[in-house]
Amino acid sequence: MTAVVVGGVSAIGYMRKENRDYSAEAKLWPALAQAGQPADGVVRNVRMHPNNMTRGGSSGQTVRAVVLEVDYTDSAGVARAASIPTFVEDALVPQFLEPRKAIHLRYDADNPALVAIDRERTPLELPRAR
C-alpha cells in the first residue's frame, strides 16, 4: 500500500513539474506582449512531450505539450535559436509541423533568451464563438 501511495505522489509531482515547465512561456507572454521586441521566426523542429501530455485549454479544448525549436533574428541582426516548451491546441499542431513554418515571436531585448510566441499573430488556440 505504501508503494502505491509513494508512486502516486511521485507521479503527481512529476506532472506538476512538467506542467509548470510547459506553462512558463504562457506566463512570460503578458510581459513580452507589452514590452518585448517583435521578431519573425521559423520553426525548425517540433517535439511532442515524451508522454504525450495534454490538458484542458482556456475554453475546455485539449491542448498538447510541445517544444517548438525556432530560429529568429533579433533587432541587432543577431541570429538566435530558442526551444520553447508550450501548449498548442490539438487542432493547430499540424500547422506547426509544416516545414519552415513562419511564426511570430516576442523577446526580451535585455535577455534575448526569454522568448514567447506572439499569440496575437500566431495563435496557439483557436478563437471560440461568442
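Figure 1. The side chain of E89 reaches the backbone nitrogen of L126 at a distance of 2.7 Å. The model shown in this and the following views is predicted. E89 belongs to strand β4. Because its relative accessible area is 6%, under the limit of 20%, E89 counts as buried. Apart from neighbours within four places in sequence, the residues in contact with E89 are Q61, T62, V63, L124, E125, L126 and R128.

**Figure 2. Overall arrangement of the elements.** The protein contains 2 helices and 6 strands. Read from the N terminus, these elements follow the order α-β-β-β-β-α-β-β. The protein has 130 residues, of which 35% count as buried. Where residues at least 6 apart in sequence are in contact, 66% of those contacts join residues at least 24 apart.

**Figure 3. The hairpin of strands β5 and β6.** Strand β5 covers residues 102–108 and strand β6 covers residues 111–117. The two strands run antiparallel and are joined by 4 bridges. Together β5 and β6 form a hairpin, with 2 residues between them. Within this pairing, L105 stands opposite I117 in β6. In a regular strand, side chains alternate between the two faces of the sheet.

**Figure 4. The largest nonpolar core.** This core comprises 19 residues, and those touching the most other members are L68, V70, F96, I103 and L105. Two or more residues each come from β1 (37–48), β3 (62–73), β4 (79–89), α2 (93–96), β5 and β6. The element giving the most to this core is β3, with 4 residues. In soluble globular proteins, nonpolar side chains tend to be buried together.

**Figure 5. Contacts of L105.** L105 is one of the residues that touch the most other members of the largest nonpolar core. When residues up to four places away in sequence are not counted, L105 touches Q37, P38, A39, G41, V70, Y72, I84, V115, A116, I117 and D118.

**Figure 6. The aromatic pair Y72 and Y107.** The count of aromatic pairs comes to 2. One of them is formed by Y72 and Y107, whose ring centres are 5.5 Å apart. The angle between their planes is 40°, and the pair is tilted. Y72 lies in strand β3 and Y107 in strand β5, 35 residues apart, and the pair thus links distant parts of the chain. Both Y72 and Y107 are buried.

**Figure 7. R55 over the ring of F87.** The charged end of R55 sits over the ring of F87, at 4.0 Å from the ring centre.

**Figure 8. Positive phi values at N52 and R100.** N52 is a residue other than glycine, and its phi is positive, near 50°. N52 is found in the loop between β1 and β2 (54–56). R100, likewise not a glycine, has a positive phi of about 55°. The loop that holds R100 lies between α2 and β5. R100 counts as exposed because its relative accessibility is 54%, over the limit of 50%.

Note on methods. Residues are numbered from 1 along each chain as its sequence is written. This is a predicted model: local features need pLDDT of at least 70, side-chain atom pairs count only at pLDDT 80 or more; totals for chains, interfaces and linings use all residues. Side-chain values use heavy atoms; hydrogens and water are left out. Two strands pair if DSSP finds at least two bridges between them. A nonpolar core is a set of buried Ala, Val, Leu, Ile, Met, Phe, Trp, Tyr and Cys residues joined through side-chain atoms within 4.5 Å. Buried means under 20% relative accessible area, exposed over 50%, partly exposed in between (1.4 Å probe, protein chains only). Contact means heavy atoms within 4.5 Å. Rings of Phe, Tyr and Trp (its six-membered ring) pair if their centres lie within 6.5 Å; planes under 30 degrees apart count as stacked, over 60 as edge-to-face and the rest as tilted. A charge sits over a ring if NZ of Lys or CZ of Arg is within 6 Å of the ring centre and within 35 degrees of the ring normal. A polar contact is a pair of N or O atoms within 3.5 Å; within protein, one must be able to donate a hydrogen and the other to accept it, and residues adjacent in sequence count only if both atoms are side-chain atoms.
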